[in-house]
Amino acid sequence: MLIQERLREVYERVRRAAQACDRSPAEISVLAVSKTFPPQAVTDAMQCGQRAFGENYAREGIDKMQAVAGLLAIPHASAANRGGVAVSPEDWKRLHGPPEWHFIGPIQSNKTRAIAEHFDWVHSVDRWQIAQRLSEQRPPDLVALQVCIQVNISGEQTKSGVDPPAVGDLARRILELPRVQLRGLMAIPEPSSDPQQQRLRFRALRELKDALAGAGVALDTLSMGMSDDLEAAVAEGATIVRIGRAIFGERPAKQPRS
Ligand SMILES: *Cc1c(COP(=O)(O)O)cnc(C)c1O
């Protein structure tokens, strides 16, 4: 199936899920998770209007950004033009506003500078030291880095993320940082095929956001839901769903390292 058809299907799933719980689909944005996929997959998705892309590894993400910028500079590389449809310079410009890049993977402290210099968003801030470095290393000519705190919602030892009781303190400290803007919370719950179970985990993240709001920390973003559970996430208040396989297809089993 073409990326175009898959994307349309994902947006349709979001629309139906929003409708089912009386939310406006406009409140929910789709982050296309392009990790492991080539730059051409990104420009093909951009051709269909997709703007926001998620990457898990700093090196892979930055290499891809540069390759995408290169492809966008040559109109004949676009999917439409490869298919024989000539795109006018005006359409080209409209179709190819700059993409927005979100870092969603585990963050090692020696990667914070590269991340702060190249990405627009970071969803996976899980400790004070990382937040502090991202703020210090964010170049002054760029807008503040938009960040979410990753929360360990299922209480697993192996998953990264902040334990829920510690989120409030970390959030207050991050709000003091000058070069990052705290937007919300992110979670990657343990996979479950049971929709009720999926919803319980997402609900816990929403309730944590509501509790923070009650304590004076108002956030606007809940980054939760992936290809297999986006409906449950939307039902529990997701504002960004992070979708990989449902847009780009299955990933190769082994993933490249950063
Ligand atoms: C890979 C990944 C996704 C996308 O997962 P799919 O199941 O392919 O939709 C979302 N979020 C994070 C943090 C990921 O690493």
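Which residues does Leu 185 touch, not counting residues up to four places away in sequence? Leu 185 touches Cys 148, Ile 149, Val 151, Val 167, Leu 205, Leu 208, Lys 209, Leu 212, Leu 219, Thr 221, Leu 222 and Ser 223, where contact means heavy atoms within 4.5 Å. This is a predicted model, in which local features need pLDDT of at least 70 and side-chain atom pairs count only at pLDDT 80 or more, while totals for chains, interfaces and linings use all residues. Residues are numbered from 1 along each chain as its sequence is written, and side-chain values use heavy atoms, with hydrogens and water left out.

**Overall architecture**

- The protein chain contains 11 helices and 8 strands; these are DSSP runs numbered from the N terminus, with helices (H or I) of at least four residues and strands (E) of at least two.
- Of the 258 residues in the protein chain, 51% are buried. Buried means under 20% relative accessible area, exposed means over 50%, and partly exposed lies in between, for a 1.4 Å probe and protein chains only.
- Among contacts in the protein chain with a separation of 6 or more, 64% join residues 24 or more positions apart.
- The accessible surface of the protein chain is about 12300 Å², and carbon and sulfur atoms hold 51% of this surface. Accessible areas come from the Shrake-Rupley method with a 1.4 Å probe, and for residues only the protein chains shown count as cover.

**Nonpolar cores**

- The largest nonpolar core has 64 residues, of which Ile 149, Ile 174 and Leu 185 touch the most other members. Helix H1 (residues 3–20) gives the most to this core, with 6 residues.
- A second, separate core has 8 residues, including Ala 52, Ile 104, Cys 148 and Ile 240.
- A nonpolar core is a set of buried Ala, Val, Leu, Ile, Met, Phe, Trp, Tyr and Cys residues joined through side-chain atoms within 4.5 Å.

- In helix H7 (residues 128–137), the buried residues are Ile 130, Ala 131, Leu 134, Ser 135 and Gln 137.
- An α-helix has 3.6 residues a turn, so residues three or four places apart point the same way.
- The cover over the buried residues of H7 includes helix H6 (112–118), strand S4 (121–125), strand S5 (145–150), helix H8 (164–175) and strand S6 (180–186).
- Thr 112 lies in helix H6 and counts as buried because its relative accessibility is 0%. Beyond residues up to four places away in sequence, Thr 112 touches Ile 107, Ile 130, Arg 133, Leu 134 and Gln 137.

**Val 151 in the loop between S5 and H8**

- Val 151 is placed in the loop between S5 and H8, and it counts as buried because its relative accessibility is 2%.
- Val 151 and Pro 164 are 13 residues apart along the chain, and their C-alpha atoms are separated by 6.3 Å.
- Not counting residues up to four places away in sequence, the residues that Val 151 touches include Gly 161, Pro 164, Val 167, Leu 185 and Leu 208.

**Pocket and cavity**

- The largest pocket holds about 580 Å³ of space. Of its 25 lining residues, Lys 35, Asn 56, Ile 188, Met 226 and Arg 251 are the closest to its centre.
- The lining of this largest pocket has 9 nonpolar, 9 polar and 7 charged residues. Ala, Val, Leu, Ile, Met, Phe, Trp, Tyr, Cys and Pro count as nonpolar, Asp, Glu, Lys and Arg as charged, and the others, Gly among them, as polar.
- There is 1 cavity of 30 Å³ or more, and the residues lining the largest cavity include Pro 189, Glu 190, Arg 201, Phe 202 and Asp 229.
- On a 1 Å grid over the protein atoms alone, a cavity is a set of points where a 1.4 Å probe fits but cannot get out, and a pocket is an open set with protein on both sides within 12 Å along at least five of seven lines; lining residues have an atom within 4 Å of a point. Grid points are joined across faces, edges and corners, and a volume is the space filled by probe spheres set on the points.

**Positive phi angles**

- Asp 22, in the loop between H1 and strand S1 (29–33), has a positive phi near 55°. Asp 22 counts as exposed because its relative accessibility is 76%.
- Thr 36 has a positive phi of about 70° although it is not a glycine. Thr 36 is buried, with a relative accessible area of 17%.
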